[in-house]
Amino acid sequence: MAALNDEQVMLRDMAREWADNESPVTAYRKLRDAAVADGFGADAWREQGAMGWAGIVVPEEYGGSGFGWLSLGLVLEQLGRTLSASPLAATASATAAIVLSDNADAKGAWLPKIASGEVIATLAVDEGPRHDPAAIATKVDGGKLSGTKAFVAEGDSAGLFVVAAADGLYLVDGADAGLSRSSRNMADARSHAEVTFKDAAAVKLGGTDLTAAACDRAAAAVMAEALGLATAAFEQTNDYLKVRVQFGQTLSSFQALQHRMAKMFTELELMRSVVEGAMEAIDRAGDAIDRPDVAQAVSLTKAVGGDTLKLVSREMVQLHGGIGMTDEHDAGFYLKRAAVLDAMWGNAAQHRERFADLNNF
């Protein structure tokens, strides 16, 4: 477990309290039932911006706090516990690309707006059903970008897109006339959109090495949320087994179920270790974008964490029995969100292969 300083402890506790009181799972259920177009609560996002969460990875000279990625992960973990619908992870992923770039004008124009929560940003990379940053057909000609991105998180509401083209990353204003959006209906009822660019005005941020660095940071952010989700799923299942009586005994007294819970507990501890390790690796890297230790740490996180996420979310449904299969129970929400998070930025199987390649196995 990472050693946290006093500021990080306060940030984590504040995020936990806010998520529990202001954004519980019941709030997510209401958003889903209302089919909110943006996929999140605007009032809740304004509160998060006012608390400074949107600026956690924005340097202080641009209006952020510069607390770093471990601090961001602490907040995302707490939001993941209650399935809080927030564009924070997507915005942080796009922010990383801008911060790492050498484009001072782009930093000055957009980072203060991102830090205040005024602008929601997102990273648009994949053009097919699976994460593959090497398969990019999007082109830029004369400062005009054209292409289609198949699944863009928060694509319905983003005011700024960091778009991967064949030769690197570009900025596109969400208000550009050459941009169109088509909402995707996802299992977790969160915002994903197919975004088409046709001669959209684009500003270059950097080359393909910047694309890889941004994708790694996006994957780490996703897994921080996943850690919170898996932790909450485990805790709720454990609490249920302690009170559900079968054959005159609580389910927690059956040894077979104890073994299953023990396995989940140990896997969760490993998941926490690799998630926090990835965040610390990103913080150590600073402005460097070609760091093999970051790539390895992120792929390890996705591989280990993805498997744990699937295990715990599926066990939550099974161990709750028949009620776990109903829409009235929250277990299905955790299972569906887990499936989406595992697929984002490469699933566990993809990252096991990548980790092996990075280490020349």
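Visitor: Which residues does A331 touch, not counting residues up to four places away in sequence?

Guide: Contact means heavy atoms within 4.5 Å. Leave out residues up to four places away in sequence, and the ones A331 touches are M316, V317 and G324.

Visitor: And what is left out of the side-chain values?

Guide: You're looking at a predicted model, in which local features need pLDDT of at least 70, side-chain atom pairs count only at pLDDT 80 or more, and totals for chains, interfaces and linings use all residues. Residues are numbered from 1 along each chain as its sequence is written, and side-chain values use heavy atoms, leaving out hydrogens and water.

Visitor: Back to A331, then. Is A331 buried or exposed?

Guide: A331 sits in helix α10 (residues 331-343); helices (H or I, at least four residues) and strands (E, at least two) are DSSP runs, numbered from the N terminus. Buried means under 20% relative accessible area, exposed over 50% and partly exposed in between, using a 1.4 Å probe and protein chains only. A331 has 0% relative accessibility, so A331 counts as buried.

Visitor: How many Å apart in space are A331 and F361?

Guide: In sequence, A331 and F361 are 30 residues apart. In space, going C-alpha to C-alpha, A331 and F361 are separated by 38 Å.

Visitor: Which residues does E225 touch, not counting residues up to four places away in sequence?

Guide: E225 is in helix α7 (residues 208-243). With a relative accessible area of 8%, E225 is buried. Apart from residues up to four places away in sequence, E225 touches L76, E77, G80, R190, R337 and L341.

Visitor: At roughly what angle do the axes of α4 and α7 cross?

Guide: Axes are lines fitted to C-alpha atoms, for helices over the stretch in contact, and angles run from 0 to 180 degrees between N-to-C directions. Angles under 35 degrees count as roughly parallel, over 145 as roughly antiparallel, 65 to 115 as roughly perpendicular and the rest as oblique. α4 and α7 are therefore oblique to each other. The axes of α4 (residues 69-81) and α7 come within 7 Å, and the crossing angle is roughly 40°.

Visitor: How many residues of the contact of α4 with α7 are charged?

Guide: On the α4 side the contact includes L76, E77 and R81, and on the α7 side R217 and E225 are among the residues. Ala, Val, Leu, Ile, Met, Phe, Trp, Tyr, Cys and Pro count as nonpolar, Asp, Glu, Lys and Arg as charged, and the others, Gly among them, as polar. The contact divides into seven nonpolar, three polar and, for charged, four.

Visitor: Which residues in α6 meet those of α5?

Guide: α5 and α6 pack at about 155° with their axes 10 Å apart, which makes α5 roughly antiparallel to α6. From α5, the contributors are T91, T95, I98 and V99. Their counterparts in α6 are A106, K107, W110, L111 and I114.

Visitor: What is the phi of F247?

Guide: Most residues other than glycine have a negative phi. F247 lies in the loop between β9 (245-246) and β10 (249-250), and at 70% relative accessibility F247 counts as exposed. Although not a glycine, F247 has a positive phi of about 55°.

Visitor: And what is the phi of A189?

Guide: A189 is in the loop between β6 (179-184) and β7 (192-201). Its 37% relative accessibility makes A189 partly exposed. A189 is not a glycine, yet it has a positive phi of about 60°.
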